[in-house]
Amino acid sequence: IVSGNDRVFYEETDEILETGNDMITLSDTELSILGRVDIQLNSIERAVLFGLGGDDFIDASAFHGTTILVGGSDADQIVPGVGTSVLLGDDPADAAVRAGDDRFIFQEDGGENSVLIRGGEGHDTLDFSSFSSAITVDLSNVGAEQLVSVGELRLLIQDDDFESVIGGSNGDTLAGNDAGNE
(Lines give C-alpha, C1' and ligand atoms only; values in the text may rest on other atoms or scores of the structure.)
Protein backbone atom coordinates (compact mmCIF):
# COMPACT_ATOMS: atom_id res chain seq x y z
CA ILE A 1 0.00 0.00 0.00
CA VAL A 2 1.28 3.44 -0.95
CA SER A 3 0.39 6.40 1.25
CA GLY A 4 1.49 9.94 2.04
CA ASN A 5 4.42 11.20 -0.05
CA ASP A 6 5.70 7.82 -1.25
CA ARG A 7 7.02 7.35 -4.78
CA VAL A 8 6.01 4.19 -6.63
CA PHE A 9 8.74 2.06 -8.21
CA TYR A 10 8.26 -1.11 -10.23
CA GLU A 11 10.01 -3.89 -8.32
CA GLU A 12 11.05 -5.67 -11.54
CA THR A 13 12.88 -2.67 -13.04
CA ASP A 14 13.29 -0.08 -10.24
CA GLU A 15 11.75 2.48 -12.62
CA ILE A 16 9.01 5.03 -11.98
CA LEU A 17 8.05 5.74 -15.58
CA GLU A 18 6.38 3.30 -17.93
CA THR A 19 6.69 3.18 -21.73
CA GLY A 20 4.73 1.45 -24.45
CA ASN A 21 1.03 1.32 -25.23
CA ASP A 22 -0.07 1.71 -21.65
CA MET A 23 -3.54 1.75 -20.14
CA ILE A 24 -3.12 3.62 -16.85
CA THR A 25 -6.07 4.08 -14.48
CA LEU A 26 -5.89 6.08 -11.28
CA SER A 27 -8.52 6.16 -8.53
CA ASP A 28 -8.40 7.31 -4.91
CA THR A 29 -7.49 3.77 -3.85
CA GLU A 30 -5.59 2.20 -6.75
CA LEU A 31 -3.10 2.75 -9.56
CA SER A 32 -3.65 0.22 -12.31
CA ILE A 33 -1.47 -0.33 -15.37
CA LEU A 34 -2.77 -3.01 -17.69
CA GLY A 35 -0.53 -6.07 -17.51
CA ARG A 36 1.04 -5.05 -14.17
CA VAL A 37 0.12 -5.74 -10.57
CA ASP A 38 -2.31 -3.09 -9.27
CA ILE A 39 -0.91 -0.79 -6.60
CA GLN A 40 -3.14 0.00 -3.62
CA LEU A 41 -3.15 3.66 -2.55
CA ASN A 42 -4.04 5.37 0.71
CA SER A 43 -4.27 9.13 1.47
CA ILE A 44 -2.87 10.27 -1.88
CA GLU A 45 -3.68 13.93 -2.58
CA ARG A 46 -1.48 14.57 -5.65
CA ALA A 47 -0.51 12.29 -8.52
CA VAL A 48 1.91 12.78 -11.42
CA LEU A 49 1.67 10.24 -14.26
CA PHE A 50 3.76 10.05 -17.45
CA GLY A 51 2.71 7.97 -20.46
CA LEU A 52 5.95 8.48 -22.43
CA GLY A 53 6.09 6.36 -25.63
CA GLY A 54 3.33 4.49 -27.39
CA ASP A 55 -0.40 5.14 -27.65
CA ASP A 56 -1.24 5.63 -23.98
CA PHE A 57 -4.62 5.88 -22.26
CA ILE A 58 -4.34 7.73 -18.93
CA ASP A 59 -7.59 7.91 -16.94
CA ALA A 60 -7.69 9.74 -13.60
CA SER A 61 -11.45 10.39 -13.62
CA ALA A 62 -11.94 8.45 -10.37
CA PHE A 63 -9.18 10.34 -8.51
CA HIS A 64 -10.18 13.25 -6.23
CA GLY A 65 -7.12 15.42 -5.84
CA THR A 66 -4.52 17.24 -7.89
CA THR A 67 -3.23 15.49 -10.99
CA ILE A 68 -0.49 16.19 -13.51
CA LEU A 69 -0.94 13.91 -16.50
CA VAL A 70 1.63 13.87 -19.30
CA GLY A 71 1.20 11.98 -22.57
CA GLY A 72 4.10 11.11 -24.81
CA SER A 73 5.36 10.88 -28.34
CA ASP A 74 2.40 9.07 -29.89
CA ALA A 75 -1.41 9.34 -29.93
CA ASP A 76 -2.47 9.54 -26.29
CA GLN A 77 -5.89 9.79 -24.65
CA ILE A 78 -5.94 11.65 -21.33
CA VAL A 79 -8.87 11.95 -18.89
CA PRO A 80 -8.41 14.44 -16.01
CA GLY A 81 -9.18 13.76 -12.37
CA VAL A 82 -11.84 15.39 -10.20
CA GLY A 83 -10.49 18.65 -8.83
CA THR A 84 -7.42 20.41 -10.21
CA SER A 85 -5.53 18.94 -13.18
CA VAL A 86 -2.62 19.86 -15.41
CA LEU A 87 -2.78 18.01 -18.74
CA LEU A 88 0.18 17.98 -21.13
CA GLY A 89 0.07 16.21 -24.47
CA ASP A 90 3.85 15.80 -24.48
CA ASP A 91 6.66 16.24 -21.99
CA PRO A 92 7.98 19.84 -22.20
CA ALA A 93 11.23 18.77 -20.47
CA ASP A 94 12.05 16.06 -23.03
CA ALA A 95 12.48 17.04 -26.71
CA ALA A 96 12.44 13.35 -27.68
CA VAL A 97 8.86 12.98 -26.44
CA ARG A 98 6.93 15.04 -29.01
CA ALA A 99 4.45 15.13 -31.89
CA GLY A 100 1.62 12.96 -30.63
CA ASP A 101 -1.96 13.40 -31.87
CA ASP A 102 -3.56 13.61 -28.45
CA ARG A 103 -7.20 13.53 -27.31
CA PHE A 104 -8.16 15.11 -23.97
CA ILE A 105 -11.44 13.57 -22.83
CA PHE A 106 -13.65 15.50 -20.41
CA GLN A 107 -16.56 13.99 -18.48
CA GLU A 108 -19.31 15.51 -16.38
CA ASP A 109 -18.81 14.40 -12.80
CA GLY A 110 -20.86 16.90 -10.79
CA GLY A 111 -17.79 18.52 -9.26
CA GLU A 112 -16.09 21.87 -9.81
CA ASN A 113 -13.00 21.06 -11.86
CA SER A 114 -10.16 23.32 -12.93
CA VAL A 115 -7.86 22.22 -15.76
CA LEU A 116 -4.73 23.80 -17.23
CA ILE A 117 -4.00 22.20 -20.58
CA ARG A 118 -1.36 22.21 -23.31
CA GLY A 119 -1.60 19.98 -26.35
CA GLY A 120 1.94 20.22 -27.65
CA GLU A 121 2.94 19.16 -31.13
CA GLY A 122 0.71 17.03 -33.33
CA HIS A 123 -3.05 17.27 -33.98
CA ASP A 124 -4.67 17.71 -30.57
CA THR A 125 -8.36 17.47 -29.69
CA LEU A 126 -10.54 18.55 -26.77
CA ASP A 127 -13.36 15.99 -26.47
CA PHE A 128 -16.57 16.94 -24.60
CA SER A 129 -18.76 14.35 -26.35
CA SER A 130 -19.99 12.85 -23.06
CA PHE A 131 -21.41 16.20 -21.85
CA SER A 132 -25.21 16.45 -21.79
CA SER A 133 -25.19 20.04 -20.49
CA ALA A 134 -24.31 22.88 -22.86
CA ILE A 135 -20.65 23.87 -23.00
CA THR A 136 -18.75 26.92 -24.24
CA VAL A 137 -15.19 26.52 -25.56
CA ASP A 138 -13.07 29.11 -27.37
CA LEU A 139 -9.80 27.65 -28.67
CA SER A 140 -8.45 31.16 -29.29
CA ASN A 141 -8.88 32.12 -25.61
CA VAL A 142 -5.28 31.34 -24.61
CA GLY A 143 -3.83 32.17 -21.21
CA ALA A 144 -7.12 33.12 -19.55
CA GLU A 145 -9.45 30.81 -17.68
CA GLN A 146 -12.76 30.12 -19.40
CA LEU A 147 -15.93 28.68 -17.93
CA VAL A 148 -16.79 25.65 -20.05
CA SER A 149 -19.76 24.42 -18.03
CA VAL A 150 -21.30 26.20 -15.03
CA GLY A 151 -20.50 24.36 -11.77
CA GLU A 152 -18.56 21.72 -13.68
CA LEU A 153 -15.43 22.82 -15.55
CA ARG A 154 -13.04 25.76 -15.83
CA LEU A 155 -10.37 25.46 -18.50
CA LEU A 156 -7.14 27.37 -19.08
CA ILE A 157 -5.60 26.65 -22.49
CA GLN A 158 -1.89 27.41 -22.14
CA ASP A 159 -0.87 27.54 -25.84
CA ASP A 160 -2.60 28.02 -29.18
CA ASP A 161 -1.95 24.38 -30.12
CA PHE A 162 -5.35 22.69 -30.30
CA GLU A 163 -6.71 21.83 -33.73
CA SER A 164 -10.07 20.26 -32.86
CA VAL A 165 -12.87 20.41 -30.33
CA ILE A 166 -15.75 17.94 -30.07
CA GLY A 167 -18.91 19.23 -28.42
CA GLY A 168 -21.56 17.46 -26.39
CA SER A 169 -25.25 16.89 -27.06
CA ASN A 170 -26.87 20.16 -25.94
CA GLY A 171 -26.51 23.36 -28.00
CA ASP A 172 -22.81 24.04 -27.42
CA THR A 173 -20.93 27.22 -28.33
CA LEU A 174 -17.59 26.32 -29.93
CA ALA A 175 -15.05 28.77 -31.39
CA GLY A 176 -11.84 27.91 -33.19
CA ASN A 177 -8.39 29.42 -33.48
CA ASP A 178 -5.83 29.87 -36.30
CA ALA A 179 -4.67 26.24 -36.18
CA GLY A 180 -6.82 24.84 -39.04
CA ASN A 181 -9.66 23.55 -36.90
CA GLU A 182 -11.87 20.56 -37.62
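Ser43 sits in the loop that lies between β4 and β5. In this predicted model, Ser43 has a positive phi of about 60°, although Ser43 is not a glycine. Most residues other than glycine have a negative phi. Is Ser43 buried or exposed? Ser43 is exposed, because its relative accessible area is 53% and the cut-off for exposed is over 50%.

**The nonpolar core**

The largest nonpolar core holds 31 residues. Phe106, Ile117, Leu126, Phe128 and Leu155 touch the most other members. Several elements give two or more residues to this core, including β2 (23-27), β6 (57-62), β11 (113-118) and β15 (153-157). The largest share comes from β15, with 3 residues. In soluble globular proteins, nonpolar side chains tend to be buried together.

Which residues does Leu155 touch, leaving out those up to four places away in sequence? They are Phe106, Val115, Ile117, Leu126, Phe128, Ala144, Glu145, Gln146 and Val148.

**Strand pairing**

Strands β2 and β6 run parallel, joined by 4 bridges. Thr25 has Asp59 of β6 as its bridge partner. Strand β6 also pairs with β8 (residues 77-79), in the parallel sense, over 3 bridges. Here Asp59 has Val79 of β8 as its bridge partner.

**Salt bridges**

Side chains of opposite charge can pair when their charged atoms come close. How many salt bridges does a search of the whole structure find? There are 3.

| Pair | Closest N to O distance |
|---|---|
| Arg103 and Asp127 | 3.1 Å |
| Glu112 and Arg154 | 3.3 Å |

Take Arg103 and Asp127, which form a salt bridge. This pair links distant parts of the chain: Arg103 is in strand β10 (residues 103-105) and Asp127 in strand β12 (residues 125-127), 24 residues apart. Arg103 is partly exposed, at 31% relative accessible area. Asp127 counts as buried, at 8%.

Next come Glu112 and Arg154, which also form a salt bridge. Glu112 lies in the loop between β10 and β11, and Arg154 in strand β15, so the pair ties together parts that are 42 residues apart in sequence. Glu112 is partly exposed, with a relative accessible area of 45%. Arg154 is partly exposed too, with 32%.

Glu145 counts as partly exposed, at 44% relative accessibility. Through salt bridges that share partners, Glu112, Glu145 and Arg154 join into one network.

Note on methods: Residues are numbered from 1 along each chain as its sequence is written. This is a predicted model: local features need pLDDT of at least 70, side-chain atom pairs count only at pLDDT 80 or more; totals for chains, interfaces and linings use all residues. Side-chain values use heavy atoms; hydrogens and water are left out. A nonpolar core is a set of buried Ala, Val, Leu, Ile, Met, Phe, Trp, Tyr and Cys residues joined through side-chain atoms within 4.5 Å. Buried means under 20% relative accessible area, exposed over 50%, partly exposed in between (1.4 Å probe, protein chains only). Contact means heavy atoms within 4.5 Å. Two strands pair if DSSP finds at least two bridges between them. A salt bridge is a side-chain nitrogen of Lys or Arg within 4 Å of a carboxyl oxygen of Asp or Glu.
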